[in-house]
Amino acid sequence: MTSISIIGAGNMAGAIASVLAKGGASVQIVAREADKAAEVAAAANGTSAVFGDALTGDIVVLAVPFAAVDDIKATYADALAGKVVVDITNPVDFGTFDGLVVPADSSAAAVIAEALPGAKVLKAFNTNFGATLATGLVDQTTTTVLVAGDDADAKQALIDAVVAGGLKAVDAGSLKRARELEAYGFLQITLAAAEKTSWTAGFALHA
Ligand SMILES: NC(=O)c1ccc[n+]([C@@H]2O[C@H](COP(=O)([O-])OP(=O)(O)OC[C@H]3O[C@@H](n4cnc5c(N)ncnc54)[C@H](OP(=O)(O)O)[C@@H]3O)[C@@H](O)[C@H]2O)c1
């Protein structure tokens, strides 16, 4: 059985937990507040733990803001070596709302990979609004999760877990593609913020 730890207990943690649990994965929710972790875990028939506790999953989803990377590194760098680590962040510069806080020739995923040596870092879920993970639909189209990463086995394991949960998943290439995925995610956010698209819809992929 695929085992997943999700750090965070917010909107994306809950949405991702529901997809992966639906696909048969065992889910652990790890959050700073025990009550929040327990609530999200219960909805996914999973277990919960407090931030700092041991991570039981082979795949670890960082469902936290990009700014939390330093805390993740300080707490879990050793524990994450050898694990599949999924970066879902959109590192938006909320000061200007006109770009990302990572350098234009880099990405949040690249920064996280550098901070967590030995981790098999993937970029995924950042182009999916939480609502489209929960419903499984972008308008009438099945939600597609784009997954980038350099470790083929890690990428396939996440793709299999997502597909088992009823969504589509597409290999978007190497971790270098995280830069494009983050630009794509940012554009989708700006369109929704400007009310040109909906927070419950967004970009869909037709194959
Ligand atoms: N919402 C979306 O539709 C969406 C779509 C794509 C990607 N994303 C990305 O997904 C990530 C999570 O977004 P969200 O909407 O789920 O946010 P959220 O609802 O605000 O949840 C954030 C979670 O991160 C935890 N957290 C924050 N700082 C932390 C730290 N330093 N150490 C440990 N835990 C920390 C929070 O815990 P506390 O409750 O203790 O603060 C909370 O559980 C973000 O990077 C965002 O860019 C979001």
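Helices here are DSSP runs of H or I with at least four residues, strands are runs of E with at least two, and both are numbered from the N terminus. On that basis the chain has 7 helices and 10 strands.

Before going on, a word on the source. This is a predicted model, so local features need pLDDT of at least 70 and side-chain atom pairs count only at pLDDT 80 or more, while totals for chains, interfaces and linings use all residues. Residues are numbered from 1 along each chain as its sequence is written.

Overall size next. The C-alpha trace spans about 40 × 35 × 35 Å along its principal axes. Of the 207 residues, 47% count as buried. Buried means 20 or more other C-beta atoms within 10 Å of the residue's own, exposed means 12 or fewer, and partly exposed is in between, with C-beta atoms placed from the backbone.

Now the strands. Two strands pair if DSSP finds at least two bridges between them. Strand β4, residues 59-62, pairs with strand β1, residues 3-7, in the parallel sense over 4 bridges, and I6 stands opposite V61. β4 is also joined by 4 bridges to strand β5, residues 84-87, again running parallel. Between β4 and β5 the chain passes through helix α3, residues 69-80, in a right-handed β-α-β crossover. Right-handed means that, with the strands pointing away from the viewer, the path from the first strand over the helix to the second runs clockwise.

What covers β4? In a regular strand the side chains alternate between the two faces of the sheet. Both faces of β4 are covered, with I59 and V61 buried on one side and V60 and L62 buried on the other.

Strands β2 (residues 26-31) and β3 (residues 47-50) run parallel, joined by 4 bridges. A34 lies in helix α2 and is partly exposed, with 14 other C-beta atoms within 10 Å. A34 touches S48 and V50, leaving aside residues up to four places away in sequence; a contact needs C-beta atoms, placed from the backbone, within 7 Å.

Last, the ligand. It is surrounded by 25 residues, the closest being G8, G10, M12, A68 and T89; the cut-off is a C-beta atom, placed from the backbone, within 6 Å of the molecule. Helix α1, residues 11-22, gives the largest share of this shell, 3 residues.

Terms used. Contact = placed C-beta atoms within 7 Å.
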